[in-house]
Amino acid sequence: MATKTYTNSTELAEPRTAGKYQGLSREQLIEAYRLMYTSRKIDDREILLKRQQRIYFQISGAGHEAVGVAAGFVLKPGYDWFYPYYRDRALCLALGATPYEMLLEAVGAADDPNSGGRQMPSHWSFPRLNIVTQSSPTGSQILQAVGCAEAGRYFAAHPAAANKASGDYREFKNVRFHEGEVTYVSLGDGTTSEGEFWEALNTASNRKLPIVFVVEDNEYAISVPVEVQTPGGNISRLVAGFPNFHFEEVDGTDPVETYGTLARSVAYCRAGNGPAFIHAHVIRPYSHSLSDDERLYRPDAERQQDAARDPITRTQMFLLREGILDEKGINRLEKQVEEDLQAAVDQALEAAPPKPETVTDYVYSPDLDPTSSAFETQPAVAAGSDGKKPTPKTMADLINATLRDEMQRDERIVIFGEDVADCSREQYLQGKLIKGKGGVFKLTAGLQFAFGADRVFNSPLAEANIVGRATGMATRGLKPVVEIQFFDYIWPAMMQLRNELPLIRWRSNNGFCAPAVIRVAIGGYLTGGAIYHSQCGESIFTHIPGLRVVFPSNALDAAGLLRTAIRCDDPVLFLEHKRLYRETFGRAPYPGPDYMVPFGKAKVVQAGTDLSLITYGAVVPRALQAAQKIEREHGVKVELIDLRCLNPFDWDTIAASVGKTNRALVAYEDSLSWGYGAEIAARIADQLFDQLDAPVRRVAAKDTFVAYQPILEDAILPQADDLFRAMKELSEY
Ligand SMILES: Cc1ncc(C[n+]2csc(CCOP(=O)(O)OP(=O)(O)O)c2C)c(N)n1
Ligand SMILES: [Mg+2]
């Protein structure tokens, strides 16, 4: 197939492809063949090992070797950045990964540099080469690659931001960036159907990012052919309208042609013209994986047609035809590859497996413990003007002030999300024509104005885009503090939140980490908030290992916990109750720019002796009201515990309290069944059984969604009266 080239933007940067063989030397062509052959032989050997039950899974890069080697030749390991997918074995070899390192992952060895035995084979992660930890969901790498490219550009514009600083996450995060660096991301033809693919093209195009997208089109996604995935059957045609891109479509089984394509595309990106999109037609000779038999859905004739384009035989024939290697030379090269591989296999089969007691290593940062006293400081409240008492501020005020203070202190912080900017059309701001918005709840108001549009900006209306990009940026060392406008709309980001952000550290065995902060407006009691502006659902996230979850109930805690979230070394979901943003309850004076509350430390809002009430968020003021009433009317003294932080949570405070009161009531705003309180109740029943004088009770919302009509909302969400009733019953039990 001839190479088609078409560019949507200005001029192509100077191609480096002059001369015969697209500028590749004879030595490079031999090296290309050696790498391709090595890649294929590792696959063949792994298939054998799987059949012998010496390894536990296999997925091959067969048929994709030429494009991988071409990309590996053009891009620079440890300089450019890589988000490959599982068929990119040849790319990783070309960048400097060794067969032994790959086999260590296949056997699941402790010394596997990719994951320490945590991930399947062909899930690449080589920190020294800038190959970023890869997962299994198709397409979740693409938005992260976008964030990675954005981070590179940011550090180039703010080099001082890369400096280390002590006392927070920066102490442990080495930032590396280079002028003109390019981010590579690859995916299969089927994966172009994922929404995240389109969300990534959107931002790469809009921001003219230096990122090379490589679609390795083998015409199948397991058994589903390309025409079912892609209307018209050709992805190049569909994406051609995106501005700023350099597009090429190439026969990706031809290493020389593909090298030319990669070289032109990378040059275009390095020169700062924008992103490139390479559509490489490849083959898949070995079924999808060892768990698949393609003969069930592909007739022999089709498979034979593919085989005629096999990049290995094709390149071998090319070397012979061009007189670059003769038959003897080929044989010698192949024999050497096979001998080296045998040695690597022997060595890998001897490698020690990981120790079972290490399974929870690197779920969280081993370097910085956000529950430690280092994150415990006292408020530094200045007197108000003319010596009067300082004005109490709302939660919204103090969150905004904390963001402002931290942005001032740490140039690595960037803020983005839907509507968070003061105004995307900056000329209106500069002309002082408008005041600016700064968030639908105005939590980020004034921050773009103070820190500039490259630090505070609007995202497209796409939640996966927000979290995926934040993950990529945080992997590079930035501290994205992004906003999800309503908890009710967090779900498009769920793949990133469940399978990516909190897993970067664990699955790479501490090779990478992504301590981003995701702020989310959550909760009901809004009178008219209805189904889609009232949701809670925090237990879905506290169920995810690796993710810290915080849920403050008042202004001072919100400020202290947000600062801890920003300075800590783990990803944090920071839940802000909309109803509490501007409530009179829980206002506090500005506590100064260093006020922090450690994670996992509850607050005893009111001490008591008769009953422990464990809660958090907007239930806290309602519980306080009920507790005061029951003490007034019945002399029952309730100990009210505000957890503040849900993962980790403060078991010690709960246990000490229940040990004293012998009665426990757990209350939460979310629907009752399977909610956050279920875990707390289960722990109390399990570990404090001997100390209980009554069953553990829960008060929560009905098992439904929150309705619009206020009468229904009242009936659905837990009210002070419900809490009062439960307290009374439990105290009389
Ligand atoms: C989000 C998601 N859905 C489904 C799967 C299961 N799955 C693994 S690979 C694959 C097909 C991928 O096809 P394509 O993108 O064309 O890549 P190829 O394997 O053909 O190189 C599927 C459906 C997955 N890993 N992730
Ligand atoms: Mg495919």
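Rings of Phe, Tyr and Trp, the last represented by its six-membered ring, count as a pair if their centres lie within 6.5 Å, and a pair is called edge-to-face if the planes are over 60 degrees apart. The structure described here is a predicted model, and a search of the whole of it finds 25 aromatic pairs.

**Aromatic pairs**

A pair of aromatic rings is described by the distance of the centres and the angle of the planes. Tyr154 and Phe155 form one such pair, with ring centres 6.3 Å apart and planes at 80°, and because that angle is over 60 degrees the arrangement is edge-to-face. Tyr154 is buried, its relative accessible area being 6%, and Phe155 is likewise buried, with a value of 0%. The rings of Phe487 and Trp491 make another edge-to-face pair, since their planes stand at 85° while their centres are 5.4 Å apart. In this second pair Phe487 is buried at 0% relative accessibility, whereas Trp491, at 33%, counts as partly exposed.

| Ring pair | Distance of centres | Angle of planes | Class |
|---|---|---|---|
| Tyr154 and Phe155 | 6.3 Å | 80° | edge-to-face |
| Phe487 and Trp491 | 5.4 Å | 85° | edge-to-face |

Elsewhere, ring pairs join Phe197, Trp198, Phe213, Phe242, Phe245, Phe247 and Phe277 into a cluster.

**Helices α1 and α4**

Two packed helices are described by the angle between their axes and the distance between the axes. For helix α1, which spans residues 26-51, and helix α4, which spans residues 99-107, the axes come within 11 Å and cross at roughly 25°. Angles under 35 degrees count as roughly parallel, and α1 is therefore roughly parallel to α4. The crossing in which α1 passes α4 is right-handed. On the α1 side the contact is made by Thr38, Ile42, Glu46 and Leu49, and on the α4 side by Pro99, Met102, Leu103 and Ala106. Sorted by class, the residues of this contact between α1 and α4 are six nonpolar, one polar and one charged.

**Ala655 in helix α22**

Ala655 lies in helix α22, which runs over residues 651-661. With a relative accessible area of 19%, Ala655 is classed as buried, because the cut-off for that class is under 20%. Ala655 and Ile684 are 29 residues apart along the chain, and their C-alpha atoms are separated by 7.6 Å.

Notes: Residues are numbered from 1 along each chain as its sequence is written. Chains are lettered from A and ligands numbered from 1 in the order in which they are written. This is a predicted model: local features need pLDDT of at least 70, side-chain atom pairs count only at pLDDT 80 or more; totals for chains, interfaces and linings use all residues. Side-chain values use heavy atoms; hydrogens and water are left out. Axes are lines fitted to C-alpha atoms, for helices over the stretch in contact, and angles run from 0 to 180 degrees between N-to-C directions. Helices (H or I, at least four residues) and strands (E, at least two) are DSSP runs, numbered from the N terminus. Angles under 35 degrees count as roughly parallel, over 145 as roughly antiparallel, 65 to 115 as roughly perpendicular and the rest as oblique. A crossing is left-handed if the near helix is turned anticlockwise from the far one by less than a right angle, and right-handed if clockwise. Contact means heavy atoms within 4.5 Å. Ala, Val, Leu, Ile, Met, Phe, Trp, Tyr, Cys and Pro count as nonpolar, Asp, Glu, Lys and Arg as charged, and the others, Gly among them, as polar. Rings of Phe, Tyr and Trp (its six-membered ring) pair if their centres lie within 6.5 Å; planes under 30 degrees apart count as stacked, over 60 as edge-to-face and the rest as tilted. Buried means under 20% relative accessible area, exposed over 50%, partly exposed in between (1.4 Å probe, protein chains only).
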